[in-house]
Amino acid sequence: MVLDGRLCYGGDYNPEQWPAEVWEQDVELMRQARVTLVTVGVFAWSRLEPAPGRYTFDWLDRVLDLLHAGGIRVALATPTASPPPWFSLAHPDALPVTADGVRLHHGSRDTYCAAAPAYRAAARRITGLLAERYADHPALALWHVHNEYGTTCHCHHAEAGFRRWLRDRYRDLDALNDAWTTSFWSQHHSDWAQVSTPRATQYLPNPGQVLDFRRYWSDELLAAYVEQRDLLRAATPAVPVTTNYVLGDWVPVDHARWAAEVDLVAIDHYPSDAGPAAEEQIALAADLARGWARHGARHQPCAGDDDLPGTRGSWLLMESAPNLIYTAGRMHTREPGRMTRHSLAYVARGSRGAMFFQWRAPRGGAELFHSALVPHAGPDSRIFREAVELGGILDRLAEVDAGVVEAPVAIAWDAASGWALQQRALPSDRIHHHTEVAVAHRTLRRAGYACDPVLPGDPLTGYALLVLPALYLADDDTAAWVRDYVHGGGHVVISYLSGVADEHARIRLGGYPGAYRDVLGVRVEEFHPLADGEEVPLTGGGTARFWAETVRVAGAEPVDAYAAGVLAGQPAVTRHRYGDGVAWYVSTRPDEGTYQRLLDEAARAAGAAPTCLDAPPGVEAVRRRSPEASWLFLLNHTASAQRVPTAGIDLLTGAVVEDAVTLPIGGVAVVRERAGA
Ligand code: GAL
C-alpha cells in the first residue's frame, strides 16, 4: 500500500496502555520520524468493551482524530485475538482445549477456540461495531483483522468442525478410511461419530489424521477471518483488508491459500538469529511473502493509492523488531544500522514499507522488554534517532514501490509437505521441507540468484530453473506439473524426499521418488539416513550429510557419487534429459560449497543469471523493475567496505553513481539504474 505516494512506515501503536497526555507526544514523535501508518487496537477489546455490551469507543475516537490531525494514517485492527476475561467466564465452552484434554484459562492472549460459535459471534459483533463507527474516519487506510491467526483446539466444537470439514472433503467414510489407511492398527471408523481430532494417545498418531487436522484448522481460521473481512468490506468497500501472517512450523495456516482472501499479504517477521543467518531468514521470509502475494485474487486500490499495479507480488512487512531480538535464553541487541539495513532488505524484496512491533515500549505486561521505536529510555536514544533516519530514507525510496522483483529461479514451497514431514517415525527427524527450502534458498542467494517461491501447479513461464527441496507430497497433478515443465524445456533440481508420498501422506510405490522417477530417470531403492555429524565423501570432492540413498539410474547419468561406505561407487547426484528439458536429482545434502557449485551449474545451464555479477560475496543484490525504470538494492552485510560496479542515482544520498558505489560496513545503496546500465 502506498499512502498518498509514500511507503508504509510505523508499527503497532497501543494508546490504550498510556494516559492521554502521551498520545499527543506520540503523534509529535511520529511526525518527527515521518511515520505514515500505525496499527491501532490489536489487543484493545477489553478497553473497547469493558463489560458485555458496554462500549467505550470515546478514547479510540480521540486517538484516531489526533492521528489524523498529525497526518498519520491508521491500520485499524479488530481486537479479536484477545477476548476479555468476562467473555471467557460467560462462555467457558469457548476456551481452548489442548490435545491432552486440558482446558486453558484466560490470562494471556489467543485463549479462545476459533471454532466456538460464541467466540465467532462475539468477534463478529465487535468487528461490526468498529466497521460502523469508523467507516468514514479519514485516518482509516487499512483494516487489520485479528492478529496472527494460528491457534488450534480439540474441544467439542473443534471436533464437530473437523468432522464437517472431513465430510466435505471425503463425502463418505470409506474414502476417509482409505485416505488415512485406517486398516493399520485397527483404526477403521464405522461411524462419523468415531472420528476425532488427533488427541493425545498412547503411541504414534495416525499421520493422515494429523495432516488433515492442520488443513482443517487452516480453513476454519480462514473462515473466521473471512467473516470479519466481509463485515468490513460491506462497510468500507474501498478500504483494503488484511491480517498479519505469523510464520513458524507450528502455524496451521496455509498462507498461500489465504492470499486469495486478503487484499494485501502482510507478514510479521522476527529472525531467530543475531548473526548473518538473520539476513538469510529475512530474504527467505520476504520472498515467501512475495510468492504468497502473487496468489492474491483481489488487488483493489488502497486508500489514497490509485495506481496499485495489480498482481505483482507486493506485500507488507507488518511487524518486525526495532532492536532486541529473542534468541534462545537471551535477547540480543542489534548493532547500529542493522534496523535500517534489515528494513531495506524487506523493501528490496517487495515489501511496501517497514512496520514494527512496536511504537512505544510498554511499562508492564508480558512483553515489557520487547523493543520499540520509542524505547523505555524515551526519544533521546539511539533507537529513536535511527527510527527518524529510517523514516527519511523510506520517504526517499517511495518510487521503488512501482518495481517488481526479478527472479529467474523458482523454488517449490508447500505448506502440507511441511506439515507431513513434521510427523514422527519418519526415516530422519532432521529433514523438513521448510528447512530444505531454506537451505536451497540461502545457497542460491549466496550464488547471487533471486528466487520466487512457487506452489505446485503455479505457472512456470519465465523461470529458467525450478528447485524442489524435499517436496514430500505430490498428487498426480503435481507430478504432471513437473513433468510438463521439464518436457517443455524447463530445468529442474529435485532433492531427496520429494514426491515420495501422495496428498494423504501415503507412499507412492515402486521405488522412490514415486512422482518423479520418469522425469529423473532414477529409481531409489533404499534410504540411508545419516547420523548427526556423519559425513560421507563424494567422488567430486565434497561431502554428503544428513541423508543418503541407494539410487539406481534408469536413463540418468551420474554426476557425482558416494566415495565410501555402503554406497561407495553409487550415484549421489544425477542428470537426465527429459523431453526438451533437464532433470537433476540430488540424493543427499552436500556441503555448502558443493551444493552452491551444483545449483550454480544447474542455473547457468538453464540460462539463469545472478542478479549482479559484480557483487562481492556478502553483498546482497536485489533488482526491482518497472516498465520505466529499474532499481538495484545493494546491502553490505560484510565487515568491510565493498565496491560494486553500477551506474545511476543512489536514492539514499541523491548522488550520481558514475561507475561504482562504495558501501561502508553495513551500508546500503538503492541505485535507480541508468538505462542500459
Ligand atoms: C508478534 C505479535 C506481537 C508481539 C510480537 C513480539 O508475533 O503479533 O503482538 O507479541 O510478536 O515479538
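Student: How far is the sulfur of Cys-155 from the closest cysteine sulfur, and in which residue is that one?
Tutor: This is a predicted model, and in it the closest cysteine sulfur to that of Cys-155 belongs to Cys-153, 3.5 Å away. A disulfide needs the two sulfurs within 2.5 Å, so this distance is too far for a bond.

Student: And how many disulfides are there by that rule?
Tutor: The count is zero.

Student: Is Cys-155 buried or exposed?
Tutor: Buried, with a relative accessible area of 3%. Cys-8 is buried too, at 0%.

Student: Switching to the ligand: which residues are around it?
Tutor: Among them are Phe-43, Asp-268, Tyr-270, Phe-357 and His-370. Arg-109 is also there, with a side-chain N or O atom 2.9 Å from a ligand oxygen. For Asn-147, the side chain likewise has an N or O atom 2.9 Å from an oxygen of the ligand. Glu-319 places a polar side-chain atom 2.8 Å from a ligand oxygen.

Student: How much of the ligand's accessible area does the protein cover?
Tutor: On its own the ligand has 310 Å² of accessible area, and the protein covers 92% of that.

Student: Nice. Now charges: how many salt bridges are there?
Tutor: The count is 46. One of them pairs Asp-395 with Arg-34, with the closest N and O atoms 2.7 Å apart. That pair links distant parts of the chain, 361 residues apart: Asp-395 is in helix α12, and Arg-34 is in the loop between α1 and β2. Asp-395 is partly exposed at 28% relative accessibility, and Arg-34 is partly exposed at 41%.

Student: What about Arg-445, which residue does it form a salt bridge with?
Tutor: Glu-620, with 3.0 Å between the closest N and O atoms. Arg-445 sits in helix α14 and Glu-620 in strand β25, 175 residues apart. Arg-445 is buried at 17% relative accessible area, and Glu-620 is buried at 6%.

Student: And how far apart in helix α17 are Asp-600 and Arg-604?
Tutor: Four residues, so about one helical turn separates them. Their side chains meet in a salt bridge at 3.1 Å, N to O.

Student: Last topic: which residues make the nonpolar surface patch of about 380 Å²?
Tutor: Phe-184, Trp-185 and Tyr-203. Trp-185 is in the loop between α7 and α8, and is partly exposed, with a relative accessible area of 45%.

Methods
Residues are numbered from 1 along each chain as its sequence is written. This is a predicted model: local features need pLDDT of at least 70, side-chain atom pairs count only at pLDDT 80 or more; totals for chains, interfaces and linings use all residues. Side-chain values use heavy atoms; hydrogens and water are left out. Buried means under 20% relative accessible area, exposed over 50%, partly exposed in between (1.4 Å probe, protein chains only). Patches are made of residues with over 30% relative accessible area and no salt bridge: like charges are joined within 9 Å, nonpolar side chains (Val, Leu, Ile, Met, Phe, Trp, Tyr) within 5 Å. Accessible areas come from the Shrake-Rupley method with a 1.4 Å probe; for residues, only the protein chains shown count as cover. A salt bridge is a side-chain nitrogen of Lys or Arg within 4 Å of a carboxyl oxygen of Asp or Glu. Helices (H or I, at least four residues) and strands (E, at least two) are DSSP runs, numbered from the N terminus. A residue is near a molecule or strand if one of its heavy atoms lies within 4 Å of it. A polar contact is a pair of N or O atoms within 3.5 Å; within protein, one must be able to donate a hydrogen and the other to accept it, and residues adjacent in sequence count only if both atoms are side-chain atoms.
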